Amino acid sequence: MVAFNHTVARFAVWNLAGNDRFPGGDGDGIDPLGRKALSQALGLALLDAEFVTLVEISPETHINRLADLLTQKGLDYRITAPDQTGSHLNIGFLHKPGIQVSNPRFIPGSQGDYLGGRQALAVDVRIGSRFKAVVIGVHLKSGRDRAEQLVRDSQCRVIGDWITTLHNTAGYTRHAILLMGDFNMIPGQDVSNFHHLGGDDVMDFVSCWDLQDRYSHILESGRANLLDGFAVSRNYSTRYVQGSLHLFPMHWTLKMGREKFRNEVSDHLPFVASFKLF
């Protein structure tokens, strides 16, 4: 077993913008030989997080392509990414050696009332002798109208109930729960979504209060809003390093403006947060 000799581990989340099934798109996802794949790998190498949740993976082999490109840069990542049978957009995890990841499972019914929607993906994570967590990656229904919010309500209820049940399940009562992904929810606007997603007051949405930057999604108009989210269970959340959650300015690290980054890499920027291992 590979030892993980660090005092903290950094958990990141990023939407890869792999969905091209829209008018004018070719429907094949991200070209493995294209510039977008190369730029995403370079961005992930500069991010250099120990555990990365990726959403909107398309095609499903794209996460393998990214891992191969990262290997060329000297980074060794293992992959956990079961196929989303009901959707062409996948959720997956990259994790470095020394991080034990097991028991991947989709949360049943978490696509809610969204036909063809993505189910949330959960894994058990252990680092060393003291860090035990369940990490949940989500990609909820997009859209700013009431109809889309109601669909997200249906998704959030299922996920929130699952979290509440897990929190009270023998063998998991002392695990931290980390929930991250593209929530497609804006703090202060999608109030019912946050209420249902938090379960029985289990989750602390740290991206709503412990994040200095107030955006993560880059709009076509050039404006930006905070659609992505990061939450930690209230119990055993003391391992979260307060103040560590931040937006990783990948556009700047790649020497791009936001508009160019949106067109060539992704319309989302990653979050990253640190957790104590001692």
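Let's begin with Ser233, which sits in strand 12, spanning residues 228-233. Keep in mind that the model is predicted.

**Around Ser233**
- Ser233 has a relative accessible area of 0%, so it counts as buried.
- A polar atom of the Ser233 side chain lies 3.1 Å from the backbone oxygen of Asn235.
- Leaving out residues up to four places away in sequence, Ser233 touches His175, Ala176, Ile177, Val202 and Met203.

**Nonpolar cores**
- The largest nonpolar core has 62 residues, and Phe11, Leu54 and Phe230 are the ones that touch the most other members.
- Beyond its neighbours within four places in sequence, Phe11 is in contact with a number of residues, including Phe51, Val125, Ile127, Leu178, Phe230 and Phe275.
- Another core, of 22 residues, lies apart from the largest one, and Ile136, Ile163, Phe194 and Leu197 are among its residues.

**Salt bridges around Glu50**
- The structure holds 8 salt bridges.
- One of them pairs Arg10 with Glu50, with the closest N and O atoms 2.8 Å apart.
- Arg10 belongs to strand 1 (residues 8-15) and Glu50 to the loop between helix 1 (35-47) and strand 2 (51-57), so this pair ties together parts that are 40 residues apart in sequence.
- Arg10 is partly exposed, at 28% relative accessibility, whereas Glu50 is buried, with a relative accessible area of 5%.
- Glu50 also forms a salt bridge with Lys96, where the closest N and O atoms are 3.9 Å apart.
- That pair links distant parts of the chain, 46 residues apart, with Lys96 in the loop between strand 4 (90-95) and strand 5 (100-106).
- Lys96 is buried, with a relative accessible area of 14%.

**Another salt bridge, and a network**
- Asp190 forms a salt bridge with Arg152, the closest N and O atoms being 3.1 Å apart.
- Asp190 lies in the loop between strand 8 (176-182) and helix 4 (191-197), while Arg152 lies in helix 3, so the pair connects parts that are 38 residues apart in sequence.
- Asp190 and Arg152 are both buried.
- Through shared partners, salt bridges join Arg10, Asp48, Glu50 and Lys96 into one network.

**A residue on helix 3**
- Leu150 is found in helix 3 (residues 146-167).
- Leu150 has a relative accessible area of 41%, so it counts as partly exposed.
- Leu150 and Ile99 are 51 residues apart in sequence, and their C-alpha atoms are 37 Å apart in space.

Conventions:
Residues numbered from 1 in each chain as written. Predicted model: local features only at pLDDT ≥ 70, side-chain atom pairs only at ≥ 80, totals over all residues. Heavy atoms only, no water. Core = buried A, V, L, I, M, F, W, Y, C linked by side-chain atoms within 4.5 Å. Buried < 20%, exposed > 50% of the residue type's maximum accessible area, 1.4 Å probe, protein only. Contact = heavy atoms within 4.5 Å. Helix = DSSP H or I, 4+ residues; strand = E, 2+ residues; numbered from the N terminus. Polar contact = N/O pair within 3.5 Å; in protein donor to acceptor, adjacent residues only side chain to side chain. Salt bridge = Lys/Arg side-chain N within 4 Å of Asp/Glu carboxyl O.
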